[in-house]
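Please look over the protein chain below.

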Amino acid sequence: MPTSDLTAIVEKSIDGDLRAFEKLVERFQDMAVGYAYSILGDFQMAEDAAQEAFVDAHRNIGQLREPQAFSSWFRRIVFKHCDRVSRAMKGALVPLDAVPEQFARTPDPFEVTAMGETRDVVHRALAELPERNREVVTLHYISQYTQTEIASYLGVSVAAIKRRLREGRALLKDRFRATFEDEMRQNRPSRDERLKEKVMEIVAGNKEQHAEEIYEISERRTAWSIQHEWRAGRIAHSHTDWNVSRIGTIDGKVVGAYGIFDISMRVGSARLRVGGHNWGTMHEDYEDQEDEINQRLAMEAFQAMREEGYDMAATFESGLPKGYGYTFGWREYDWSIPIDQFPADEPDFDLIECPSDYRKDLGDLYNRYAEGLTGTALRPTFLRNKHPDNFTTWYWTDASGRPLGYVSGNNGGWFTLDLALADHLNQPVLSPPLKQAIEKNRFGPLNDSSTKSMTGHLLGAIEKNRFGPLNDETLCIRAEENRWWIIDYATRDDWSWGDRVRLIAWKSDRGIHVRPGLQTWFWVDEAAGDSGQLLSAIGHLARQSGHDAVRFDRLHYRSPIAKRLRKLEIAGLTIRAPNYYLRILNLKSVFEKLAPELSLRLQDSPLADWQGDLAISNGDEEIVLAVNRTDVKVVPAVQTEHSIKGGREILQLIVGTEVPDEVVEMNDIELTGDARHLIQVLFPIQYPQMENQAM
């Protein structure tokens, strides 16, 4: 390939052109593996190192100032990953230069045939060559690279390449040259494009280039009732960090994605940078490889987050994500409170309605009330609610118009029917009058804020199918006598989970209320402000729409309103199935940010005068805290009799999942010296909770 053509492809790759980078992979894959093999002496490890080098190059190609220098720049990256592989083997790998003399001898050809040691012969034959000859000979035989191309890659003159190749051929025994050449050619990646496919499965995210494909894949794989969330809230207007999110591509086509939200999470007064995973997708053509691809994407995302200064990664699932290095962080708590526990009087302030999108004044109010609540996220997070059109915000102000409090919730009463239709709900199949009334009121058109980012095709599909039309087989299911009912139907004959719709209808003095879903409670997504005013506002809104209970989604146990609710002396706290899981990415940076908070915890404690060093290990990393009374700092490792040693579950101490003694007991954490006393002060229970609009 002419130098000018290569430079043009590199320039396009720098600009983010995936297909251009794919051409670089095609062009350099044999050379990368051949060079790595000349260092490592093992094709599998050479291929792994080359693959990691391509991913690294794609991630950092924007830092390449001179596109014409790509060859030598990339060679240095390959060398770096070969060095990493060598060190990871911790001596198990025998470098080519270190082959003992007795094994470097030239064996008899009949012995080779009998023992089937072709690869060993190649390894030994290559080991006889000096390093400078070994590099050239390997690159020459593994593929049809010209001497000029090899010279450019190694950063030496063409004359030097000719000389080294001539010397190498002379040193390489004639009778093994054919065997050597055949082995090189048989293992070149371009022979079956294995490396190309592996490398192109993982690339850094780019919103402009990848978002549209991700939306389309996600919309095909999710229920139509939430398809618009990807464009309208969850990704398009979110705190997604595309630099560390990882996208899987094959032949330039997106096949999978592992999205990361950039979260500033509170741990007491400290702020940790957390990469939250709560969106991802997989192309339907690659569902059979979903676990493998997702895990590879996740591992790449973790590495990128560490390099970009993240402290932890977080996700939430119904079960522990296997193979990702996460460990249990905390449970997701919801609160269900009967409506009769809320104040019966009308609020003595006006409720102002607005969309549940980010507003700086309300975000500042939230941050003020969430201060010190471990697990909560500093606003802003989503610029639009991640469930667009599901929630409404009501706020109230002081005399100058400054917000004093707000609640974001789903009042559920999307339309109300006449009480006279109650008897029709007791029939097993929807009656014509009831069907007509629901069709007439079926939630109306989508509003402007929810449609501005949708494609015409998606908008038409949602408008056509949104909770209707009702068919002749629509059922009325009496859930509770003369109180509430379920309306159950499918949007098409061959319905699947995503096409099935259930409406709930319930009766109050005001009429028959109808909305999607099966819950009779008012869903509070978020709230901030004076707890008394909040209870008054929420009670009013829930009663207005005919609900019999209020659900607080992931309400922090130590928040002002939770403290007020706990005084009601009711058994309203429930635990949902999902748990939050965390993974420490950088133990040192975690404690550097946590140190001022630990200093505060020591003040006015029985250990305020304690001095010494405390070692903390999670099995992957170890740090040392130097404690000088109430001053805590991270220092270089030193020998100390005081230590906390465990596995990744150490993070449960950091976020205060449970009382420290229980964390230690449940996770077999080893304490030495004064650590058993220090953990009581340094790592008290924090009741961590992350709200819905953080992830």
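This report covers the chain as a whole, then its rings, then a surface patch.

## Ground rules

This is a predicted model: local features need pLDDT of at least 70, side-chain atom pairs count only at pLDDT 80 or more, and totals for chains, interfaces and linings use all residues. Residues are numbered from 1 along each chain as its sequence is written, and side-chain values use heavy atoms, with hydrogens and water left out.

## The chain as a whole

The protein chain has 25 helices and 22 strands. Both are DSSP runs numbered from the N terminus: helices are H or I with at least four residues, strands are E with at least two.

Of the 695 residues, 55% are buried. Buried means under 20% relative accessible area, exposed over 50%, and partly exposed in between (1.4 Å probe, protein chains only). The chain exposes about 30800 Å², and carbon and sulfur atoms supply 47% of that area. Accessible areas come from the Shrake-Rupley method with a 1.4 Å probe; for residues, only the protein chains shown count as cover.

## Aromatic pairs

Rings of Phe, Tyr and Trp (its six-membered ring) pair if their centres lie within 6.5 Å; planes under 30 degrees apart count as stacked, over 60 as edge-to-face and the rest as tilted. The count comes to 23 aromatic pairs. One of them joins Trp242 and Trp279: it is tilted, with 5.8 Å centre to centre and 50° between the planes. Trp242 lies in the loop between helix 14 (229-234) and strand 2 (246-250), and Trp279 lies in strand 4 (residues 270-282), so the pair ties together parts 37 residues apart in sequence. Both Trp242 and Trp279 are buried.

Phe591 and Phe683 have ring centres 6.3 Å apart and planes at 85°, so this pair is edge-to-face. Phe591 sits in helix 22 (residues 587-602) and Phe683 in the segment after helix 25 (675-682), so the pair ties together parts 92 residues apart in sequence. Phe591 and Phe683 are both buried.

One aromatic cluster is formed by Phe28, Tyr35, Phe54, Phe70, Trp73, Phe74 and Tyr153.

Charges meet rings too. The charged end of Arg273 sits over the ring of Tyr310, 3.9 Å from its centre. The charged end of Arg234 sits over the ring of Trp230, 5.9 Å from its centre. The rule asks for NZ of Lys or CZ of Arg within 6 Å of the ring centre and within 35 degrees of the ring normal.

## Leu475

Leu475 lies in strand 11 (residues 475-480). Leu475 is partly exposed, with a relative accessible area of 37%.
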